[in-house]
Amino acid sequence: MRYTGHNGNDRYNPAGRPPLEALPTEIATLITEHDAAQVRVRDAERERDRLAHTDRDNEARNADADAAAAAARAGKKIPPATTVAKLAVDRDEAARAVDAHRAAVKAIRDDLDEACAAALHRLTGPDQADHHRVDKAAAALIAALEQTVADRAAYDWLNGKRYSADAATWANDVIPALNNHMARKGAPIVRARAVVTNLVAALLED
């Protein structure tokens with residue numbers, strides 16, 4: 001089975017999705033809309049958080065106090081605390097904006113889910129031609145490796161070393177992470193033919 005990373009990543013965010021040019025047009029269009037909607041959500045959340053800060057309360061109270069003091073000095077009627085009242089309204093509007101933008105993102109994601117499901121019925125994964133192309137390239141690689149190793153083995157024998165034309169190596173050399181679990185000397189021997197054919201089968205498995 002092919003490794004596809006951690007499943008916890010959001011499939012519609014850039015790190016969890018294919019390039020737009022690899023997707024059907026209707027899905028690419030919806031993803032572009034999704035990205036723009038996500039930006040609007042973040043902008044709305046920042047504005048909501050800015051208005052929610054206690055500094056805004058102090059600024060509003062000070063503004064109303066300054067207006068009241070100016071009116072009193074001029075001998076006029078003390079005005080109502082309009083800035084404090086407006087802050088409350090602005091906070092409510094900002095919270096509503098966040099909810100609205102989040103709802104828009106959800107609606108787009110629902111459309112994306114439907115579009116992906118519909119596309120899945122129309123599209124297929126690698127077909128027989130793709131498999132044949134990879135199999136042919138893998139066979140050529142294996143043949144080249146085995147021939148090169150055989151040629152190297154003859155050279156080694158001429159140098160007085162043991163003759164072995166087996167295209168094989170330690171598993172640790174193929175998967176370096178195995179060094180965290182076993183010593184190279186005690187690791188199993190794997191052959192180039194098995195490594196390449198098994199890798200192709202795992203990567204192209206449906």
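Predicted model: local features only at pLDDT ≥ 70, side-chain atom pairs only at ≥ 80, totals over all residues.
A residue is called buried when its relative accessible area is under 20%, exposed when that value is over 50%, and partly exposed in between.

Arg109 has a charged partner, for it forms a salt bridge with Asp10 in which the closest N and O atoms are 3.0 Å apart. Because Asp10 lies in the segment before helix 1 (25–52) while Arg109 belongs to helix 3 (residues 82–122), the pair ties together parts that are 99 residues apart in sequence. Asp10, at a relative accessible area of 24%, is likewise partly exposed.

A second pair also involves helix 3. Glu45 and Arg102 form a salt bridge whose closest N and O atoms are 2.7 Å apart, and this pair links distant parts of the chain, since Glu45 sits in helix 1 and Arg102 in helix 3, 57 residues apart. Both partners fall in the partly exposed class, Glu45 with a relative accessible area of 21% and Arg102 with one of 40%.

A further salt bridge joins Arg48 to Asp49, with the closest N and O atoms 3.1 Å apart. Arg48 is partly exposed at a relative accessible area of 26%, and Asp49, at 44%, counts as partly exposed too. These pairs are among the 18 salt bridges counted in the model. In general, side chains of opposite charge can pair when their charged atoms come close.

From the charged pairs we turn to a nonpolar part of the surface. Trp157, Leu158 and Tyr163 form a nonpolar patch there, and together they have about 400 Å² of accessible area. Leu158, which is found in helix 4, has a relative accessibility of 67%, and because this is over the 50% cut-off, Leu158 counts as exposed.

The elements that give two or more residues to the lining are helix 4 (128–158), strand 1 (168–170), strand 2 (189–191) and helix 6 (192–203), and helix 4 gives the most, with five residues. Sorted by class, the lining of the second largest pocket holds eleven nonpolar, two polar and six charged residues.

Conventions. Residues numbered from 1 in each chain as written. Heavy atoms only, no water. Helix = DSSP H or I, 4+ residues; strand = E, 2+ residues; numbered from the N terminus. Nonpolar A, V, L, I, M, F, W, Y, C, P; charged D, E, K, R; others polar. Patch = residues over 30% accessible without salt bridge, like charges linked within 9 Å, V, L, I, M, F, W, Y side chains within 5 Å. Areas by Shrake-Rupley, 256 points an atom, 1.4 Å probe, with all protein chains shown as cover. Salt bridge = Lys/Arg side-chain N within 4 Å of Asp/Glu carboxyl O. Buried < 20%, exposed > 50% of the residue type's maximum accessible area, 1.4 Å probe, protein only.
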